[in-house]
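Open the model in your viewer and keep the selection panel at hand. The stops below each say what to select and what is there.

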Amino acid sequence: MLTIWGRLNSHNVKKVAWFAEEAGLAYVRHDVGGAFGMDSAYLAKNPNALIPTIEDGEVTLWESNAILRYLAARHAPARFWPADPAARAMADRWMDWQADYAEAQRDAFLNLIRRPEGERDAEAIKRSAAACAEKMAVLDAHLATSQWLSGDSFGIGDVPMGVYAHTWFTLPIERPDLPNVADWYAGLQARKGYASQVMIPLT
Ligand SMILES: N[C@@H](CCC(=O)N[C@@H](CS)C(=O)NCC(=O)O)C(=O)O
């Protein structure tokens, strides 16, 4: 059975738990990180002192997007990660692009969700919200041409940005109207695993 280590209110843990649900994998998840802390047994599995980490038989693996690729290759139906190199790369790029998006969203998330009200930096929130809007406009233009970030059907290319999209739509920040991102987000919300593993309180 697959073991997932990490608290669920982490973007990177959400990716893995959601995809495990999508792929119908039997798994157990243990809370680690944040308020739960990390003991030496966990740090022996992940020397970065970060979550998530998975254990799957002999395999111990960290880095959320690498975990998604591993689970898709090893355990999931082929439809979640196209075999054709070009189709695969088209989906993969959005997984890497998410790292840039996360950077843009960082200040808004940390200030609004992780800091007490009196300690928030309003200017940093504003700058971060504007940077997110710029990135999301790129996503919107792409989604005008493709129903999913993975191509014609949902796949792991949708997972990293799917997790961040929920945060974007939930944070109390200014958002431009982006109809294609909104449609894509509605499609994600209709997925059982997304609703149970991603659409939870951000705190
Ligand atoms: N690139 C890593 C980043 C992992 C990461 O930054 N995880 C955060 C949570 S989203 C973390 O471990 N924070 C410390 C903690 O929760 O204790 C990945 O994608 O797995």
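Start at Glu63: a polar side-chain atom of Glu63 lies 2.9 Å from a nitrogen atom of the ligand. That is a polar contact (a pair of N or O atoms within 3.5 Å; within protein, one must be able to donate a hydrogen and the other to accept it, and residues adjacent in sequence count only if both atoms are side-chain atoms). The model is predicted, so local features need pLDDT of at least 70 and side-chain atom pairs count only at pLDDT 80 or more, while totals for chains, interfaces and linings use all residues. Residues are numbered from 1 along each chain as its sequence is written, and side-chain values use heavy atoms, with hydrogens and water left out.

Next, select Asn12 and Ile51. A polar side-chain atom of Asn12 lies 3.3 Å from an oxygen atom of the ligand. For Ile51, a backbone N or O atom lies 2.8 Å from an oxygen atom of the ligand. Which other residues are around the ligand? Among them are Arg7, Ser10, His11, Gly33, Gly34, Met38, Leu50, Pro52 and Ser64 (each has a heavy atom within 4 Å of it).

The peptide bond that joins Ile51 and Pro52 is cis, with omega about 5°. Pro52 is found in the loop between helix H2 (40-45) and strand S3; helices (H or I, at least four residues) and strands (E, at least two) are DSSP runs, numbered from the N terminus. Ala49 is in the loop between H2 and S3 too. The phi of Ala49 is positive, near 55°, in a residue other than glycine.

Now follow the chain into S3 (residues 53-56). S3 pairs with S1 (residues 2-5) in the antiparallel sense over three bridges, where pairing takes at least two bridges found by DSSP. Ile4 stands opposite Ile54 in S3. Four bridges join S3 to S4 (residues 59-62), again antiparallel. Here Glu55 has Thr60 as its bridge partner, and Asp56 stands opposite Val59. S3 and S4 form a hairpin with two residues between them, and Gly57 in the turn has a positive phi of about 60°.

Last, show the largest pocket, with a volume of about 700 Å³. Of its 28 lining residues, Ser10, Asn12, Leu50, Ile51 and Tyr164 are the closest to its centre. On a 1 Å grid over the protein atoms alone, a pocket is an open set of points where a 1.4 Å probe fits, with protein on both sides within 12 Å along at least five of seven lines; lining residues have an atom within 4 Å of a point. Grid points are joined across faces, edges and corners, and the volume is the space filled by probe spheres set on the points. Helix H4 gives the largest share of the lining, nine residues. Where does the pocket lie? Domain 1 (2-76) and domain 2 (82-197) both give residues to the lining, so the pocket lies between them; the domain bounds come from an automatic or database assignment.
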